Amino acid sequence: MDTPSFRPEKPEPETAAFAVGYRPHQGDMMVYGGGALTIFGLVGTIVHASPLGFIASAVGTLSAVYFVPTMDVRSPQLGANKDELFIAKIGVLPWSQVEEMYVQYRALRTMRLATLIVRTRGKVTDALERSDGTFWGKFSAQNARFSGNTLKVQLHTLAMEPQDVERRLLALRRT
């Protein structure tokens with residue numbers, strides 16, 4: 001007599017929860033360039049006693065500080081499971097609040113850009129289950145923006161291919 005195997009079912013890869021962060025080296029140029037401008041500006045200020053060097057160093061410092069979050073590849077910027085969608089510095093959005101979702105692809109010269117567009121049933125701030133972010137997060141680089149009932153998330157900056165993100169999000173939303 002054969003006994004049935006009672007192994008737990010593994011979820012399909014498309015319907016498994018996922019989280020994805022920034023692509024490695026995404027913001028290196030802006031952070032290191034800002035740091036270099038800071039150093040050159042300080043040297044120019046000291047050597048030439050010019051206020052222009054100080055202004056350049058302030059601009060470089062602000063640029064570096066603004067883009068530092070893009071170097072953090074360990075923190076998720078976008079994630080989802082069968083119940084909700086997570087967007088860093090925005091919050092957690094239940095699937096029941098999502099009215100429409102699609103990815104907009106466009107090309108800018110040699111770059112292929114992809115933006116996830118999510119429309120909620122009401123204002124984004126009202127649709128969120130939990131908000132995410134800090135006071136300082138509002139003054140640094142963000143991968144997502146919202147206005148009214150529309151969220152826009154840049155996918156081309158993430159470590160996962162935009163087509164894979166789109167496929168997985170659509171599959172999770174259907175479950």
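Reply: Helix H2 (51-67) is among the elements that cover the buried residues of helix H1, where contact means heavy atoms within 4.5 Å. This is a predicted model, in which local features need pLDDT of at least 70 and side-chain atom pairs count only at pLDDT 80 or more, while totals for chains, interfaces and linings use all residues. Residues are numbered from 1 along each chain as its sequence is written, and side-chain values use heavy atoms, with hydrogens and water left out.

Helix H1 comprises the 21 residues 28-48; helices are DSSP runs (H or I, at least four residues), numbered from the N terminus. At 1.5 Å a residue (times one less than the number of residues), H1 should span 30 Å, and the 29 Å between its end C-alpha atoms agrees with this. Ala49 follows H1 and has a positive phi, near 50°.

Buried here means under 20% relative accessible area, exposed over 50%, and partly exposed in between (1.4 Å probe, protein chains only). Asp28, Val31, Gly34, Thr38, Gly41 and Gly44 are the buried residues of H1. An α-helix has 3.6 residues a turn, so residues three or four places apart point the same way.

Leu37, Leu52, Phe54, Ile55 and Val59 make a nonpolar surface patch of about 500 Å²; such patches join nonpolar side chains (Val, Leu, Ile, Met, Phe, Trp, Tyr) within 5 Å, from residues with over 30% relative accessible area and no salt bridge (a Lys or Arg side-chain nitrogen within 4 Å of an Asp or Glu carboxyl oxygen). H2 gives the most to this patch, with four residues. Val59 lies in H2 and counts as partly exposed because its relative accessibility is 47%.

Technical notes
Helix = DSSP H or I, 4+ residues; strand = E, 2+ residues; numbered from the N terminus. Patch = residues over 30% accessible without salt bridge, like charges linked within 9 Å, V, L, I, M, F, W, Y side chains within 5 Å. Areas by Shrake-Rupley, 256 points an atom, 1.4 Å probe, with all protein chains shown as cover.
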